[in-house]
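Visitor: I would like to go through this model with you. I will keep asking what stands behind each word.

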Amino acid sequence: MWEMRVLTQTAEHILRIAPAGIPRATVLIVPPLFEEANRTRRTLVLAMRALAAEGFAAVLPDLPGHNESLVPLVEVDLARWQDALAEVISGIDGPTIIASFRGGALIDHKAKAAAWWRLAPVGGASLLRTLMRARVSADREAGVASSLEALQDEAKSGPLLLAGNHLSSAMVAQLGTSEAQGVEPLRSVGLGADGIAGTPLWLRAEPGEDAAMAEAIAADISAWSKTCGVS
Amino acid sequence: MTEATSKASGVDATLRALLADVLGLGEARAAALTEDSGLFGELPEFDSMAVATVLTEMEDRLGILIDDDEIDGEIFETYGNLLAFSLRKVTD
């Protein structure tokens, strides 16, 4: 009953899952950043299927430098991701709700939407610290002297390779200070009894999936859409 | 329960939940961890990325700051070592 396709009219692939006919609204999924995107992708796509079952179209664009993108990650920074999402949303007919996850909340404010929904937003500094620590830990395991401080210095003069991610000086600098920006109307939820029941799959060393959590995500977004009078 | 032991059991519970989240251990395996349970080098899921994630989550959930030079291989050798390190940090 669903149409599922990969759109290629923009430079990046966009996974779209939609019900037959005209959708209630479109939900633009902004995934977590870096490795966290891979760890959550399967559950996000399950949430998209659940949204389609509720009458929404759900779209998940590849961020430049991520997933199937042909753009080298080192050429990308947060500002470019913000612009890319604004471009994706300008190509969507009808009302759009942005649903961002974790670090996705750092890049979701430039796009114009009817409503925003965020799950477990995280500051850029925390993401950067984890990536740098992985590098320090791997360096030390290999017997190479390494420290967070030395990496910070190195980042000022050129790109850094952090846990397989080639990050430009601009990306490192922006991550270091980036926080989720105010948008309206916004529902920001965490995990747990007051938010979404589930586990923080984005932390998981090996990718997992959580179908019940995907259903809960879709139900919460759908309820928020109604609250905001979107559909 | 004294204040110190209740704090210690709180840190213990936080740490077990955190390892369950990061390593995907499930509640039963996380609850079964003993002081002597090996972590880094023993659990296949515990790679350098997992070490980094555990450290950042420890900071967030225990409200502590962990300095680079405080970390050596021993901390992640066993669950007991990681717990002792965490308790030292929260009481510092």
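Guide: Start inside chain A. Eleven residues of domain 1 of chain A are in contact with eleven residues of domain 2 of chain A. Contact means that the C-beta atoms of two residues, placed from the backbone, lie within 7 Å. By class, the domain 1 side has eight nonpolar, one polar and two charged residues. Ala, Val, Leu, Ile, Met, Phe, Trp, Tyr, Cys and Pro count as nonpolar; Asp, Glu, Lys and Arg as charged; the others, Gly among them, as polar.

This is a predicted model: local features need pLDDT of at least 70, side-chain atom pairs count only at pLDDT 80 or more, and totals for chains, interfaces and linings use all residues. Residues are numbered from 1 along each chain as its sequence is written, while chains are lettered from A and ligands numbered from 1 in the order in which they are written.

Visitor: Where do the domains of chain A run?

Guide: Domain 1 covers 2–123 + 180–227, and domain 2 covers 133–178. These bounds come from an automatic or database domain assignment. The two centres, taken over C-alpha atoms, are 27 Å apart.

Visitor: What makes chain A as compact as a globular protein of that length?

Guide: Set the value against the rule. The radius of gyration is taken over C-alpha atoms, and the globule rule is 2.2 Å times the number of residues to the power 0.38. For 231 residues the rule gives 17 Å; chain A has 18 Å, which is close, so the description holds. The C-alpha atoms fill a box of roughly 60 × 40 × 30 Å along the principal axes. Chain A has six helices and nine strands. Helices (H or I, at least four residues) and strands (E, at least two) are DSSP runs, numbered from the N terminus.

Visitor: What makes A:Phe34 worth a mention?

Guide: Its phi is positive, about 55°, although A:Phe34 is not a glycine. Most residues other than glycine have a negative phi, and most peptide bonds are trans. A:Phe34 sits in the loop between strand E3 (26–30) and helix H1 (35–53) of chain A. There is also a cis peptide bond between A:Glu184 and A:Pro185, with omega about -10°.

Visitor: How many residues does each chain give to the contact between A and B?

Guide: Chain A gives 20 residues and chain B gives 16. On the chain B side, helix H1 (3–23) and helix H3 (48–62) each give two or more. H3(B) has the largest share, nine residues.

Visitor: What is the angle between H1(B) and H4(B)?

Guide: H1(B) and helix H4 (residues 79–91) of chain B pack at about 125°, with axes 10 Å apart. That makes H1(B) oblique to H4(B). Among the residues that meet are B:Val11 and B:Leu15 in H1(B), and B:Leu83 and B:Leu87 in H4(B). This contact has seven nonpolar, one polar and two charged residues.

Methods. Axes are lines fitted to C-alpha atoms, for helices over the stretch in contact, and angles run from 0 to 180 degrees between N-to-C directions. Angles under 35 degrees count as roughly parallel, over 145 as roughly antiparallel, 65 to 115 as roughly perpendicular and the rest as oblique.
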